[in-house]
Protein chains: 2
Amino acid sequence: MGAYMALRGAQVNLYDKFESAVESIKERGGIDLKGISLEGYAKFEVVSTSIGEVIKDCSLIMVVTPAFAHLSLAKECAEFIEDGQVIVLHPGRTGGALEFYNAVKQINPEVNFVIAEAQTLIYACRRTGPTEARIMGIKNKVSVAAIPGKDTEKAVKYLNEYYPQFVPAKSIIETSLMNIGAIFHPLPTLLNIARIEASEDFEYYHEGISKSVSMIMTEMDKERQLVAKAFGVETVSAVEWMKMVYDTDCENLYDCIQANKAYTGISAPKSADTRYLSEDVPMSLTPISELGRLSGVSTPYIDMVIEMVSIIHKIDYRKNGRTLERLGIEGLTPAEVIAFVDHP
Amino acid sequence: MGAYMALRGAQVNLYDKFESAVESIKERGGIDLKGISLEGYAKFEVVSTSIGEVIKDCSLIMVVTPAFAHLSLAKECAEFIEDGQVIVLHPGRTGGALEFYNAVKQINPEVNFVIAEAQTLIYACRRTGPTEARIMGIKNKVSVAAIPGKDTEKAVKYLNEYYPQFVPAKSIIETSLMNIGAIFHPLPTLLNIARIEASEDFEYYHEGISKSVSMIMTEMDKERQLVAKAFGVETVSAVEWMKMVYDTDCENLYDCIQANKAYTGISAPKSADTRYLSEDVPMSLTPISELGRLSGVSTPYIDMVIEMVSIIHKIDYRKNGRTLERLGIEGLTPAEVIAFVDHP
């Protein structure tokens, strides 16, 4: 993302927590971008493991990490954030912006910044060498929302300078509850866990999501939609989402997934220690369940997946995930939450 | 079982619901028994699809069917049962004797009979031809309990004439809650459902029960034990059961199952339409959950498996299984249930 923006003329600084990740880039001064987007050598201004140095004077800060890194990143950068800076999580999963906002404000209550979250990562991409990255796919449309809600417009404007694909969502509750990975990752992983632990080679979507798996996913997806409804935010079913995003002609989740050629060749994880569980349970299912609790919607399927994965990983993801407390909205009503994210 | 008893000198009648099942046997007058037990031609007295004709004047009636047939069988034979007859379910799964008792009494309230249930089927056996059966394994010890409780002794005495392996359990609540198939069948089937639906060939126990699967089974097994405790009946954990029955030297469920050579070669089901779900959910998990409900013990894992399988099979196994109402014990306390099965 940084390389693309640099090639589009932006001044880009690069941060990573680990020296090993930035060592070669620092030495070379930039990276090569390959793939279906722009190609070329992208130069970075500052490359560092010191977050204060990297975000200094930046108007737009892009956070592209697994969601379980958001909290520590927020704490780490809190004291360096400057008034008016716009931070965007790519993506926020569920409650990413709220968690980030709450963590920063606890450390630096005076700062006036904008924290936005994208509904999904705009790219299919990967790092292909120490100083090389490749973009394989770009989504047509990605919604974004911010805290405070009035600044969603500002965030989208900043993003649109480089990416016309970003469009405003009504609220971060909408982007949070449209998190379809919450439905597509943990449950099918759980219902294939024995073969995953045996490192069996199978296609995650086309083979892992059998008719029975899709039927249970559909029930779980209804819980997500009910929570969204309780907050009065717009959402669509996983089937509608599949039709929209992939233009598939299908009526049920099983047919949609089988018909989607973009899923061909996507392998299943090779161990129970996969981000499909370690990221999507605490950062997606836990906050959806918690938002359900806040709004009086029960989420038994989601809760059971959290329970089972907690047992497998020996981590209590109910407590170690994005709880209402961690999101800073415990004790509020749904209307108060909506009001809070609009005008915190 | 009938052939073995005939070869041991009993007068045996044979019943099956389906004419096709008994046609050849009726013609030939008996079957050949093969395997590790007695071998030889076993002659039957009466072979019929008319249950009244078959059970007439019998002192001991052995029921060897999937548990989902118990209810209709009870209704079918209710009016023909004679005072003093002993009926034994091989096995009862959970609540088999109670369900049978309740169904018979509703149709024929005056009859004084004994309905017993074995904790498991004594044999590993199968039908190997139209008039041939083979016994591959015999368990060393199988517990049995009856309604009324005082007649457990009578049932065991009848059984011991042919099988020294049967020993008395304290109550049918004990045999019902020691149903280990409830733990070993539905959950691992569910956690392997995608490969089962793809008819993948894998070993049910050794490959299907991975470390993660065994960890969740262990939690589910705790629920079964807690329900037993609430009724004050003796039970052991699945691990203790494995050590006892298979003499395995192991500390956790995963190691026990991997170490058990008797499981080698047992294939997984080849479709979601398997008795591991269609029998073990409504006839094992539903009544354990219901006994939990009656005794104030919550069983979230068991309940979720019932829910998920209900979705897959499009059958509400919570209602279509062995409910408290169907067992005739709704509204009782645990102590009243124990008293009822002792002196109904």
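Visitor: Is the crossing of α11(A) and α15(A) left-handed or right-handed?

Guide: A crossing counts as left-handed if the near helix is turned anticlockwise from the far one by less than a right angle, and as right-handed if clockwise, and α11(A) and α15(A) cross in the left-handed way. Please keep in mind that this is a predicted model, in which local features need pLDDT of at least 70 and side-chain atom pairs count only at pLDDT 80 or more, while totals for chains, interfaces and linings use all residues. Residues are numbered from 1 along each chain as its sequence is written, chains are lettered from A and ligands numbered from 1 in the order in which they are written, and side-chain values use heavy atoms, with hydrogens and water left out.

Visitor: At what angle do α11(A) and α15(A) pack?

Guide: Helices (H or I, at least four residues) and strands (E, at least two) are DSSP runs numbered from the N terminus, and their axes are lines fitted to C-alpha atoms, for helices over the stretch in contact, with angles from 0 to 180 degrees between N-to-C directions. Between α11(A) and α15(A), the latter covering residues 280–295, the angle is about 50 degrees, and the axes lie 9 Å apart. The two helices α11(A) and α15(A) are therefore oblique to each other (under 35 degrees is roughly parallel, over 145 roughly antiparallel, 65 to 115 roughly perpendicular, and the rest oblique).

Visitor: Which residues make the contact between α11(A) and α15(A)?

Guide: Contact means heavy atoms within 4.5 Å, and here α11(A) contributes A:Met220, A:Arg224, A:Val227 and A:Ala230, while α15(A) contributes A:Leu285, A:Ile288, A:Leu291, A:Gly292 and A:Ser295. By class, this contact holds six nonpolar, two polar and one charged residues (Ala, Val, Leu, Ile, Met, Phe, Trp, Tyr, Cys and Pro count as nonpolar, Asp, Glu, Lys and Arg as charged, and the others, Gly among them, as polar).

Visitor: At what angle do α15 and α16 of chain B pack?

Guide: Helix α15 (residues 280–295) and helix α16 (residues 300–313) of chain B meet at about 140 degrees, with axes 9 Å apart, and that angle makes α15(B) oblique to α16(B). Their crossing is left-handed, and the residues in contact include B:Leu285 and B:Ile288 of α15(B) together with B:Ile302 and B:Val309 of α16(B). By class, the contact of α15(B) with α16(B) has seven nonpolar, two polar and one charged residues.

Visitor: What is the order of the strands in the open sheet of four strands in chain A?

Guide: Two strands pair if DSSP finds at least two bridges between them, and in this sheet of chain A the order is β3-β2-β9-β8, with mixed pairing. Strands β3 (40–43) and β8 (123–129) of chain A stand at the edges with a single partner strand each, so one side of each has no neighbour in the sheet. From one strand to the next, the twist averages 30 degrees. Inside this order, β2 (residues 30–35) and β9 (residues 132–138) of chain A pair in the parallel sense over four bridges, and A:Leu33 stands opposite A:Ala133 in β9(A). Helix α2 (residues 19–28) of chain A packs on the sheet, where it touches β2, β3 and β8 of chain A, and its direction makes about 105 degrees with that of β2(A).

Visitor: Which strands are the edge strands of the sheet in chain B?

Guide: This open sheet has five strands in the order β5-β6-β7-β10-β11 (chain B), again with mixed pairing, and its edge strands are β5 (60–63) and β11 (166–168), each pairing on one side only. Strand β10 (residues 142–147) of chain B pairs with β11(B) in the parallel sense over three bridges, and B:Ser143 stands opposite B:Val167 in β11(B).

Visitor: Is the peptide bond from B:Ile147 to B:Pro148 cis or trans?

Guide: That bond in chain B is cis, with omega near -5 degrees, and B:Pro148 is found in the loop between β10 and α6 (152–160) of chain B. In chain A, the bond from A:Ile147 to A:Pro148 is cis as well, with omega near -5 degrees.

Visitor: By what turn can chain B be laid on chain A?

Guide: Copies are superposed by least squares on the C-alpha atoms of residues with pLDDT of at least 70 in both, and chain B can be laid on chain A with an RMSD of 0.0 Å by a turn of 180 degrees and a shift of 0.0 Å along the axis. That is the relation of a two-fold axis. Of the residues of chain B, B:Leu191 comes closest to the rotation axis, at 2.2 Å (C-alpha), and the same surface serves both copies, since 100% of the contact residues of chain B recur in chain A.
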